[in-house]
Amino acid sequence: MSTHAAEKRGFGAVLWDYLTTVDHKKIAILYLIGGGFFFVLGGLEAMLIRIQLISPDNEFISAQFYNEVMTMHGTTMIFLAAMPLLFALMNAVVPLQIGARDVAFPFVNALGFWLFAFGGILLNLSWFVTGAPDAGWTAYAPLSIISPGHGVDFYAVGLQISGFGTLMAGINFIVTIINMRAPGMTYMRMPLFTWTTFVASILILFAFPALTVGLFEMTFDRLFGANFFKPEMGGNVIIWEHLFWIFGHPEVYILVLPAFGVFSEVIPTFSKKRLFGYSSMVFATVLIAFLGFMVWAHHMFTVGLGPIANSIFAVATMAIAVPTGIKIFNWLLTMWGGNIRITTPMLYALGFIPSFTIGGMTGVMLATAAADLQYHDSYFVVGHFHYVIVGGVVFGVLAGLTYWWPRMFGTMLDEKLGKWTFWLFFIGFHLTFFIQHFLGLMGMPRRYWKFLPDQGLDTGNLISTIGAFFMAAGAILFVWNIIITSVRNEKVSGDPWDARTLEWAIPNPTPEYNFKQIPLVRGLDPLWIEKMEGNGKMTPAEPLGDIHMPNSSFLPFMMSLGLFIAGIGVIFQVDNNSWWIVAIIGFAITLGTMFLRSIKDDLGYHIHKEDLEDKGAGVK
Amino acid sequence: MSKNTNSAHSEQFYKEKHKEEMKHQVITFAMMIIFTIIAFGLVAGGFSKYFTIPVILVLAVVQFLFQLYYFMHMNQKGHEMPALMIYSGVFAAALTVLGLTTIVWW
Amino acid sequence: MTHDDMLRSDNLPHEPEKATLEGKNKFLGFWFFLGGETVLFASLFGTYLALKNSFGGTEGVPTTELYGLELVFIMTVLLLTSSLTSVYAMYHMKNHDFKKMQLWLGVTVLLGLGFLGCEIYEFYHYVHEYHHTFTAHAFGSAFYTLVGFHGGHVVFGLLWITTLMIRNAKRGLNLYNAPKFYIASLYWHFIDVVWVFIFTVVYLMGKVA
């Protein structure tokens, strides 16, 4: 109903609606727009890198600009593209999958989005000021401490702000999944995407504070004269590496577990079989998360931590291959003997399994501490983590968006274009990154601005760049697909894939209250159970009644804007003390809106039973 | 929801229960103060550091558990999830401190 | 439940902080936040321990000479007592005695202010007597960041509790604000938990080793 009403309203009213919304479905769309924008931006940066490396001794971009582009590509893709795109899927789907009317903290959910958005904008503002950060996405000290200009300051403050948003989003999902499940939706009946969201959110909760502290220390060093990472003053640069990777390694699982969840939804749906080994999938997810906290130093084998530490972290890292292997085999066995439909989401799933397996195997190679001294900081590492992040996370996001597009927007993305997108992207991906393993083994270091001719690196780099153009074509086709699907605007039914889980039991478009009556869940794949028993729809667990809804609010936007302004002030106060005024204004806005939030009662409103009866279908 | 069904009887029951809890809190507080005095006393008394440091760390952990289980009511039911998350946090925290105290360049 | 039911103060069940779904969510969400804060402070403690007595090429006063135990002991007692008074406040909340709850929260705030005053004096003392500053060396940075983050939490807690007390002074306890009071008190206890480790790991261990 809300989307229909939105079509009739003017642009200003729609804009205001989205600026103040606390509805998880609209926040999902905001995350999609924000994450999509930064994905395109990060993709452009990647193209600049590949064009620079298309031939030896190239002078396409300057060395300084290359460093900035390379740093921003990594930072943007991890923090501003992959995370929010996954949050878009989580927001769109998780409350529906567990039969909830909303998330636990609608206001905090909106605040999380706006903090991410303003943090991302602040980070990218650096392009227009003194140049972007240039110390690599890992920002190792002392390089990040001595880097001139304000680039790294923007890195530290921008990521700090968006990190707060991520932490809030994580807590929101944990509480939503624990407290808001429909009757009968026990933990061991939750769809795998909900499970992986749950586990990834727990990882966010325990991993992000380490980054918060690391970023504070870097900010203090650069802007307030502290000495954490200045050896001549007693500082220790290894502290940054530890804090960064104590956060950074769990971050890999924060990204990839939800992608696993997407495939665990897509594969059963298009195999017409329940997920093979459901409980072992849940177990493997939890085990990966647990082990994920004990492996961070495998990024630091060459630091010189000593053979004992290196051995412990090597063994722990290799151990993660076991639960991951369990997952791979479960997906294969889900398809085995199934009635397989090759749709676009299924294609991504099929492409994902071998690609990610390659990424996992090179991971085990890298985990071998002695051999890692050779691989370290070479293109082998670049190849490895792109197989994990693109082959796992990006394929997962593209599969998830195609799969849940009808749920989010009521329309189907064009299947033919979708398959073209997949093949362009898939072929381009392997062309780009497979060869990079060999470039690395031949001795090409990562992050270098140019390489010299006649060292055996020319052809490999050319192939890699050609592959990147294929991926770019795939991405453009995906955007084109979105545009023509929106223009055509052909609405489909609420369950166009003949799927199994609860989110498909809702009519199209999704009502703002999700479920008119909360459904009763009778097992794993609840909708499928009802279909098999000939009901075809969920049984309600409650009589029709008034529905409580949260109020929209402009405060999340203002709180985040305040921090954005304060961040600018804090960055520039080293140049001129009067920037403190800006910082104080920013903090005042944030604290003032927090105070307002605290003293103003926000009880929400009710949609009355009588109004619901007029509207027809609730639970299909 | 929540009609005022609390009879005078159950009201009385809860009052008694809260009083009992409060007694535990006061005992907890007294023990925390005693532990604090012991810890400061050990340090002020100049005992061997191989004796003092383990003992004051154990006392701190016990105080931590007192705060959690009595002052923050983790001994009451409905605190399974908070306990799980706090202990997961303690696990991550322990790894962090261990890493930063053992494998940094000195 | 209607809005009036949420804002009345004569319909309270025996655990008003967890009687509504919103209350339950707040309760759980805040505990999880504290779980995250555990890692935040662990990272600060880890940094402190790695940089303790680390002066590089600069002159600095080592922990054994710098710290004085008397003031730290007073601060510890103040904060531990404020933890007890905040438990008292929650005890009266469960018995629906709003006036006594406010009274004990007020005592908690006063004790917290006392703690903060001591901490400010302590920092002033270190800076002026020992030139132990934030920018002097890595040890100074780590010390002030760890203890300062805790102090910042105290300031925020005081502002929070005071705001709640003033906002609800006239209308009393209800289902809407009970969870807010409860989680504010959880936060206050957590501050005390962190302090237990600060006085042990920073001051006492610093004095010994």
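The legends below describe close-up views of a predicted model.

**View 1. Chain B and its helices.** Chain B contains three helices and zero strands, in the order α-α-α from the N terminus. Its C-alpha atoms occupy a box of roughly 65 × 35 × 10 Å along the principal axes. The radius of gyration of chain B is 20 Å, whereas a compact globule of 106 residues would have one near 13 Å. Buried residues make up 29% of the 106 residues of chain B.

**View 2. The contact between chains C and B.** Chain C contributes 42 residues to this contact, and chain B contributes 42 residues. On the side of chain C that touches chain B, two or more residues come from each of α2 (21-51), α4 (69-94) and α7 (178-208) of chain C. The most, 15 residues, come from α2(C). By class, this side of chain C holds 26 nonpolar, 13 polar and three charged residues.

**View 3. The largest nonpolar core.** This core comprises 287 residues, and those with the most contacts inside it are A:Ala82, A:Leu203, A:Leu255 and A:Phe263. Helix α9 (residues 237-271) of chain A supplies the largest share, 21 residues. At least three residues of the core come from each of domain 1 (1-75) and domain 2 (76-106) of chain B.

View 4. Apart from neighbours within four places in sequence, A:Leu203 contacts A:Pro250, A:Tyr253, A:Ile254, A:Ala289 and A:Gly292. A second, separate core has five residues, among them A:Tyr66, A:Val69, A:Met70 and A:Met72.

Key:
Residues are numbered from 1 along each chain as its sequence is written. Chains are lettered from A and ligands numbered from 1 in the order in which they are written. This is a predicted model: local features need pLDDT of at least 70, side-chain atom pairs count only at pLDDT 80 or more; totals for chains, interfaces and linings use all residues. Two residues are in contact if their C-beta atoms, placed from the backbone, lie within 7 Å. Helices (H or I, at least four residues) and strands (E, at least two) are DSSP runs, numbered from the N terminus. Ala, Val, Leu, Ile, Met, Phe, Trp, Tyr, Cys and Pro count as nonpolar, Asp, Glu, Lys and Arg as charged, and the others, Gly among them, as polar. A nonpolar core is a set of buried Ala, Val, Leu, Ile, Met, Phe, Trp, Tyr and Cys residues joined through C-beta atoms within 7 Å. A residue is buried if 20 or more other C-beta atoms lie within 10 Å of its own, exposed if 12 or fewer, and partly exposed in between; C-beta atoms are placed from the backbone. Domain bounds come from an automatic or database domain assignment. The radius of gyration is taken over C-alpha atoms; the globule rule is 2.2 Å times the number of residues to the power 0.38.
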